[in-house]
Every structure is written in structure tokens, then in C-alpha cells.
Amino acid sequence: YSGKKPGQDITDTMNNMKVKDFQSIPVVVREDVSVYDAISQMFLDDVGTLFVVDQKSLLTGVLSRKDLLRASLGNQDLTAIPVHIIMTRMPNITYCVKNESLIQAAHRLINQQIDALPVVDEQPEGFKVIGRLTKTNITRAFLSLSESHEL
Ligand code: ADP
């Protein structure tokens, strides 16, 4: 053999990968920020998806690059349009939780044809956003698999 984990099959390693082991830090904006400021935030934090939260920091929406591009077509004043007008909103948000298997979350990204999932903590009042899981995180997990098994 040549793998570092001779006792563990690659499928076992895969099934044991959790969202929390690969998630990134979420970037959130409030519902009342303008489309203009959301675009600035996206560049500043170098992310492709922003999560929108209310005053209680509970998840209310998602903003993708294309959502912001679409809102930028035409001659509207982008500083005057709040993001809650254009975001994809709850309850239509696909999410995951930190102890879920990474494979399950990856299925959700592909099935819904989206780039990112908020990692949420389910609370009685709503969802607290605690992470961000993107296709990049899945690619990193894929690489870590090849490294740990010396493929
Ligand atoms: P882009 O549109 O920039 O290619 P996505 O494919 O992630 O990025 O987004 C496509 C659409 O799906 C957008 O309208 C976006 O608001 C929505 N969307 C993105 N992520 C989610 C999610 N986790 N749950 C529900 N809708 C989402």
C-alpha cells in the first residue's frame, strides 16, 4: 500500500467528512443595506454569496453575484434599492448544519444549482448564520481526500 490511512477505506473517510470541518466564515449584510453597498461588501470580502440577516442576526435572505448584476441592469440608483427587495428569501433558502455530512451538503448544492449554502444553527426564533459552505470548500475536501490517501 502507499496510503497514509491503510486501516481506513477512502469511502469511510468520505462519509466521516462533516460540514464543520470544511466550512468558511460567513459574510452577512443587513436587510436594509443598499444594493450598492452589498456589491462593495462582496468585493471587500472576496466572496460570491452574501447572507442577509435581520436586527436579531437571523437569516432572512441570500444574495448571489447574479442577483446583484440583475439589479444593476438599467439606470436605477443602486444606493436607493435595499437588498431585501432583490434577495432570495426565507423560507426558500437551502441550508445545512455543521454536523451534517459534507456529501449531503454537496448533493444539495448540485441539486439546487447554487454556489453556496449558509451553515445555520437552528434556534426557536429562526436561523443563526454560523458559516458558509461553497463549491470551493467541496473542492478542498476533494483534495484533502487525495492527500490523506496519497492518491
Ligand atoms: P449566481 O447567480 O451568481 O450564479 P448562485 O447560482 O449561487 O449564484 O445563485 C443562483 C440563484 O439562487 C440566485 O438568485 C440566488 O439568490 C439563489 N441562491 C443562492 N444560494 C441560495 C441558497 N443557499 N438557497 C436558496 N437560494 C439560493
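Biologist: Let's start with E2. How many of its residues are buried?

Modeller: Five of the five residues in E2 are buried, so the strand is mostly covered. Buried here means under 20% relative accessible area, exposed means over 50%, and partly exposed is in between (1.4 Å probe, protein chains only). Strands are DSSP runs of E with at least two residues, helices are runs of H or I with at least four, and both are numbered from the N terminus.

Biologist: What kind of model is this, and how are residues numbered?

Modeller: It's a predicted model, where local features need pLDDT of at least 70 and side-chain atom pairs count only at pLDDT 80 or more, while totals for chains, interfaces and linings use all residues. Residues are numbered from 1 along each chain as its sequence is written, and side-chain values use heavy atoms, with hydrogens and water left out.

Biologist: Back to E2, then. Which residues sit on each side?

Modeller: Thr49, Phe51 and Val53 are on one side, with Leu50 and Val52 on the other. They are all buried, and both faces of E2 are covered.

Biologist: Which sense does E2 pair in with E1, parallel or antiparallel?

Modeller: Parallel: E1 (residues 28-30) and E2 pair over three bridges. Two strands count as paired if DSSP finds at least two bridges between them. Val28 has Phe51 as its bridge partner in E2, and Val29 has Val52.

Biologist: And what do E1, H3 and E2 make together?

Modeller: A right-handed β-α-β unit. Right-handed means that, with the strands pointing away from the viewer, the path from the first strand over the helix to the second runs clockwise.

Biologist: What about E2 with E3, parallel or antiparallel?

Modeller: Antiparallel, over five bridges, with E3 covering residues 59-64. Thr49 has Ser64 as its bridge partner in E3. The two strands form a hairpin with five residues between them, and Ser57 in the turn has a positive phi of about 65°.

Biologist: What order do the strands take in the sheet?

Modeller: E1-E2-E3-E4, four strands in an open sheet with mixed pairing. E1 and E4 (88-89) are the edge strands, each pairing on one side only.

Biologist: Okay, packing. Which residues have the most contacts inside the largest nonpolar core?

Modeller: Val35, Leu50, Leu63 and Val83, in a core of 15 residues. H3 (35-44), E2 (49-53) and H4 (65-72) are the elements that give two or more residues to this core, and H3 gives the most, with three. A nonpolar core is a set of buried Ala, Val, Leu, Ile, Met, Phe, Trp, Tyr and Cys residues joined through side-chain atoms within 4.5 Å.

Biologist: What does Leu63 touch?

Modeller: Leaving out residues up to four places away in sequence, its contacts include Val29, Ala38, Met42, Leu50, Val52, Leu68, Val83 and Ile86. Contact means heavy atoms within 4.5 Å.

Biologist: How many residues are in the other core?

Modeller: Twelve, among them Phe22, Ala105, Leu133 and Leu145, and that core lies apart from the largest one.

Biologist: Switching to the ligand. Which residues are closest?

Modeller: Ser64, Asp67, Thr88, Thr94 and Asp115 are the closest of the 14 residues that surround the ligand, going by heavy atoms within 4 Å.

Biologist: Which atoms of Asp67 and Asp115 come up against ligand oxygens?

Modeller: For Asp67, a polar side-chain atom lies 2.4 Å from an oxygen atom of the ligand. For Asp115, a polar backbone atom is 2.9 Å from a ligand oxygen. Lys66 has a backbone N or O atom 3.0 Å from an oxygen atom of the ligand.

Biologist: Thr134 next: buried or exposed?

Modeller: Thr134 counts as buried because its relative accessibility is 11%. Its place is in E6 (residues 126-134), and Thr134 touches Leu109, Asp115 and Ala116, again leaving out residues up to four places away in sequence.

Biologist: And Thr11, where is that?

Modeller: In H1 (residues 10-16). Thr11 counts as partly exposed because its relative accessibility is 42%.

Biologist: Last one: how many helices and strands does the protein have?

Modeller: Six helices and six strands, running α-α-β-α-β-β-α-β-α-β-β-α from the N terminus on. Buried residues make up 38% of the 151 residues.

Conventions:
A polar contact is a pair of N or O atoms within 3.5 Å; within protein, one must be able to donate a hydrogen and the other to accept it, and residues adjacent in sequence count only if both atoms are side-chain atoms.
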